[in-house]
Amino acid sequence: MSARLDRIDLKILRLLQNNGRLSNAELAEMVGVSAATCHRRTQRLFDEGFIGAVRAMIAPRKVGKGALAMVGVVLDRSTPESFAAFEQAVAKLKFVLDCHLVAGDFDYFLKIRVGDMEDFNRIHGEQLIALPSVRQTRTFFVMKEVVDNAPLDF
């Protein structure tokens, strides 16, 4: 934990993490500081990178993206160039929610949201296996989302 964060900063972070729609006035009252002080502190938390962004959590099924798949990817070469090419290409795919370089049997794990199996089958055949250096993919379809995007515990 950074020495630059005091108990008020931590409380601001926790409250915003749980409800990013809080107004500055509401946040200031909950934290116990003036609105001006709260605004300065919140702005500093953004400026210093403690808060990267604030956005709405959309219900995937409500917008036709109810199917979730985790895809393990193995590249054909383990070189900095092949990793860089893959990462640059995968970052452009709008259906990829997360991409993580991992240790173990796979090089990367992708979290992908699509409408249904047919949708996934199409993007797999047209886009995923065409990514640079992809040798193999293994897909795990999520049957039930037990915990998804839980708040950080700090």
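**Salt bridges across the chain**

E48 and R4 form a salt bridge, with their closest N and O atoms 3.5 Å apart; the term stands for a side-chain nitrogen of Lys or Arg within 4 Å of a carboxyl oxygen of Asp or Glu. Because E48 lies in the loop between α3 (35-47) and β1 (67-75), while R4 lies in the segment before α1 (7-18), the pair ties together parts that are 44 residues apart in sequence. Helices (H or I, at least four residues) and strands (E, at least two) are DSSP runs, numbered from the N terminus. This is a predicted model, in which local features need pLDDT of at least 70 and side-chain atom pairs count only at pLDDT 80 or more, whereas totals for chains, interfaces and linings use all residues. Residues are numbered from 1 along each chain as its sequence is written, and side-chain values use heavy atoms, with hydrogens and water left out.

E48 and R4 also belong to a network of salt bridges that links them with D6, D9, R41 and R44, and the structure holds ten salt bridges.

A further pair is D148 and K111, whose side chains meet at 2.7 Å, N to O. K111 is buried, at 15% relative accessibility, whereas D148 is partly exposed at 36%; buried means under 20% relative accessible area, exposed over 50%, and partly exposed in between (1.4 Å probe, protein chains only).

R77 and D76 form another salt bridge, at 3.0 Å from N to O; R77 is partly exposed at 44% relative accessibility, and D76 is partly exposed at 38%.
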